[in-house]
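User: I would like to learn how to read a protein model step by step. Could you take me through this one by questions and answers?

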Amino acid sequence: MKKLLTLLLTLLVASNALFGQKFLDLEEPDQNGKMHKLSEYVGKGNWVLVDFWASWCNPCKAEMPNVVAAYKKYHAKGFEIVGLSFDRDKEAWVKAIKDWDMPWIHLSDLKYWQSIAAQTYTVTGIPDNLLISPDGTIVARGLRGRALEAKLAEIFK
């Protein structure tokens, strides 16, 4: 029991440690192999959801309609998404992007849990995400379903 509590406390501290801090830059390739930095999209005046997901993740697939709906509703108002995939199979990754109707930028180093995204942002489970303000400050993590919609509705009143 003590080990479990220690693990939970460690995860809670790690996930909250970024709130109020500037985002951490990283670089990964897109579906065509072209390298992109997160800083190309974040801190440029738009609200950005950095979405951690994978094609093999059933909870990700279940959550994606909420993310797609948020994108469609708020994109024109200054909301962007950058998908950081934990895939290792490029074909499955690219197919999911198309099949799940995700029209935003997608990056992946195809290194599964050893990805630079997992290491940089202490991602221990997916789906997960970070909501980053227009100036590049992390303001929320793990917004799903109604919580994502409520936060965006508050921002884009």
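Analyst: The questions below concern a predicted model, from its overall plan to individual residues.

User: How many helices and strands are in the chain, and which pattern do they follow along the sequence?

Analyst: The chain contains five helices and seven strands. Read along the sequence, these elements follow the pattern α-β-β-β-α-β-α-β-α-β-β-α.

User: What share of the residues in the chain is buried?

Analyst: A residue counts as buried when its relative accessible area is under 20%. The chain has 157 residues, and the buried share of them is 43%.

User: Which strands stand at the edges of the open sheet, and why is one side of each left without a neighbour?

Analyst: The open sheet has five strands in the order 5-4-3-6-7, with mixed pairing. Each edge strand has a single partner strand, so one side of each is left without a neighbour in the sheet; these are strand 5 and strand 7.

User: How many bridges join strand 6 to strand 7, and which residue stands opposite Leu-130?

Analyst: Strand 6 and strand 7 run antiparallel, and the bridges that join them number three. In strand 7, the residue opposite Leu-130 is Arg-141.

User: Which strands does helix 5 touch, and what angle does its direction make with that of strand 6?

Analyst: Helix 5, residues 146-155, packs on the sheet. It touches strand 3, strand 4 and strand 6. The angle between the direction of helix 5 and that of strand 6 is about 5°.

User: Which residues does the disulfide join, and what is the angle about its S-S bond?

Analyst: A search of the whole structure finds one disulfide. This disulfide joins Cys-57 to Cys-60, with an S to S distance of 2.4 Å, and both cysteines are buried. The link of Cys-57 and Cys-60 is right-handed, and the angle about the S-S bond is 80°.

User: How far apart are Lys-73 and Glu-149 in sequence and in space, and what is the distance of the polar contact between their side chains?

Analyst: Lys-73 lies in helix 2, which spans residues 58-74. Lys-73 and Glu-149 are 76 residues apart in sequence, and their C-alpha atoms are 9.6 Å apart in space. Their side chains make a polar contact, at a distance of 3.1 Å.

User: Why does Lys-73 count as partly exposed?

Analyst: The partly exposed class lies between the buried limit of under 20% and the exposed limit of over 50%. Lys-73 counts as partly exposed because its relative accessibility is 48%.

User: Where does Pro-127 lie, and what is the omega of the peptide bond from Ile-126 to Pro-127?

Analyst: Pro-127 lies in the loop between helix 4 and strand 6. The peptide bond from Ile-126 to Pro-127 is cis, and its omega is near 5°.

User: What is the phi of Asp-101, and where is this residue placed?

Analyst: Asp-101 is not a glycine, although its phi is positive, at about 55°. The relative accessible area of Asp-101 is 39%, and therefore the residue is partly exposed. The place of Asp-101 is in the loop between helix 3 and strand 5.

User: In which loop is Tyr-112 found, and what is its phi?

Analyst: Tyr-112 is found in the loop between strand 5 and helix 4. With a relative accessibility of 23%, Tyr-112 counts as partly exposed. Tyr-112 is a residue other than glycine with a positive phi, and the value is near 55°.

Methods: Residues are numbered from 1 along each chain as its sequence is written. This is a predicted model: local features need pLDDT of at least 70, side-chain atom pairs count only at pLDDT 80 or more; totals for chains, interfaces and linings use all residues. Side-chain values use heavy atoms; hydrogens and water are left out. Helices (H or I, at least four residues) and strands (E, at least two) are DSSP runs, numbered from the N terminus. Buried means under 20% relative accessible area, exposed over 50%, partly exposed in between (1.4 Å probe, protein chains only). A polar contact is a pair of N or O atoms within 3.5 Å; within protein, one must be able to donate a hydrogen and the other to accept it, and residues adjacent in sequence count only if both atoms are side-chain atoms. Two strands pair if DSSP finds at least two bridges between them. Contact means heavy atoms within 4.5 Å. Axes are lines fitted to C-alpha atoms, for helices over the stretch in contact, and angles run from 0 to 180 degrees between N-to-C directions. A disulfide is a pair of cysteine sulfur atoms within 2.5 Å.
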